Amino acid sequence: MVVQVKKPELLAPAGNLEKLKFAVLYGADAVYIGGQKFGLRAKAGNFTLEDMVEGVKFAHDRGAKVYVAANIMAHNEDFAGMAEYFQTLHEIGVDAAIIADPAVVDICKEAAPELEIHLSTQSSTTNWQSVQFWGAEGIPRVVLAREVSLAEIREIKKHVPNVEIEAFIHGAMCISYSGRCVLSNHMTHRDANRGGCAQSCRWKYDLFAEEEDEAIPLFAEGDEAFTMSSKDLCMIEHIPELIEAGVDSLKIEGRMKSVHYVATVVNAYRRVIDAYCEDPEGFVFKPEWKEEILKAANRPLTTGFYFHAPTEEDQIFGAPPKMAAYDFAGLVLEYDPQTGIALIEQRNHFQLGQEVEFIGPTHEKFTQRVEAMWDEEGQELSEARHPLQKIRMKVDKPVAPYDLMRKEK
């Protein structure tokens with residue numbers, strides 16, 4: 001018997017226009033972005049309306065969708081200009097708005113009734129009855145809380161099959177409940193639920209025991225201080241279970257991450273999803289897919305809440321190990337097949353004799369040594385040390401614009 005599976009959407013973060021393009025080219029079916037108002041990532045690059053127009057066209061021309069996060073928990077003064085904003089999103093051609101606050105949902109419905117609404121993870125939806133409620137309110141997709149297990153997802157889809165479920169599969173985990181944190185407010189007067197999170201949980205804290213009105217430090221001098229940081233979520237080895245559970249959209253976190261991170265992670269998950277959906281019965285997970293993820297990882301990895309409640313093994317205490325084994329060294333701008341020479345924009349220092357690796361959305365990665373390179377005037381170089389410097393370099397195999405060159409640290 002042939003197993004039939006519905007291929008889920010792969011949803012990628014895009015903190016700015018450049019990242020949107022890389023996410024789409026490296027395999028995302030949809031991207032989520034933030035405008036300059038009403039979102040929770042005030043420090044991401046975010047999109048002007050002009051960038052949004054260009055980004056939507058770029059994505060739509062390649063069959064991808066664009067969702068805009070407007071997921072603040074609004075205070076009275078936050079509503080100014082909101083209705084007009086949603087009208088503009090609809091006019092631009094945005095495919096959906098991601099919203100958390102019920103009042104914001106109502107404003108969007110009234111101002112732009114044809115603009116689809118996805119319920120944000122900030123709404124902390126953890127059960128099928130809540131999903132059913134939002135479905136009855138006309139919400140076609142619910143982004144589940146990160147605290148939901150795989151078994152609970154199966155239960156939700158069993159009871160409410162007509163509402164799409166979006167679930168996080170990769171990226172940073174909030175130490176608080178689905179991001180509803182007031183630690184940043186307390187420490188810095190920056191509201192995490194209105195876009196200003198200072199990531200206070202990732203600061204270094206000394207730990208003391210109180211004995212007879214005296215605070216006794218629990219760290220020896222020189223010890224790394226205590227933090228409340230979770231390991232990063234990674235479900236790349238469990239994509240089949242998520243698909244079989246009925247998850248409609250697999251979401252990667254990271255609007256503030258680098259181009260290299262977005263391209264690497266999206267492309268790795270794209271390969272796993274496609275391989276499984278092409279042949280579910282014969283699917284075998286390839287270790288190289290996990291190796292790709294580790295080349296872009298910032299922290300150790302965990303499966304979060306999917307299989308059990310996280311323990312101390314899923315947290316980072318003290319200094320985290322250095323994870324990312326590779327640096328983004330250059331971006332391919334042009335390639336001449338007659339000469340085998342590529343024009344590369346430098347993004348990190350590299351030099352003659354160094355081994356580099358090229359990755360791209362349309363070819364298998366390959367490694368080579370940097371044997372010769374020149375600046376734009378044709379002068380030979382021994383190293384590329386100027387940010388965004390354009391270098392001509394002989395490459396061993398064909399490359400294309402938007403391919404990435406990276407180097408091992």
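Which residue stands opposite Ala342 in β16?

Reply: Happy to! Please keep in mind that this is a predicted model. The residue opposite Ala342 in β16 is Tyr335. That pair belongs to the contact between strand β15 (residues 326–336) and β16, which run antiparallel and are joined by six bridges. The two strands form a hairpin with four residues between them, and there Gly340 takes a positive phi near 70°.

Now turn to the other partner of β16. Strand β22 (residues 390–394) is antiparallel to β16, with five bridges between the two. Here Ile344 is the residue that stands opposite Ile391 in β22.

How enclosed is β16 itself? Of the six residues in this strand (residues 341–346), five are buried, so the rest of the structure largely encloses it. Buried here stands for under 20% relative accessible area.

Stepping back, the strands belong to an open sheet of seven, in the order β19-β18-β23-β15-β16-β22-β20, and the pairing is antiparallel. At the edges stand β19 (363–369) and β20 (373–374); each has a single partner strand, so one side of each has no neighbour in the sheet.

Strand β18 (residues 355–360) pairs with strand β23 (residues 404–408) in the antiparallel sense, over four bridges. Within that pair, Val356 stands opposite Lys407 in β23.

Conventions: Residues are numbered from 1 along each chain as its sequence is written. This is a predicted model: local features need pLDDT of at least 70, side-chain atom pairs count only at pLDDT 80 or more; totals for chains, interfaces and linings use all residues. Side-chain values use heavy atoms; hydrogens and water are left out. Buried means under 20% relative accessible area, exposed over 50%, partly exposed in between (1.4 Å probe, protein chains only). Two strands pair if DSSP finds at least two bridges between them.
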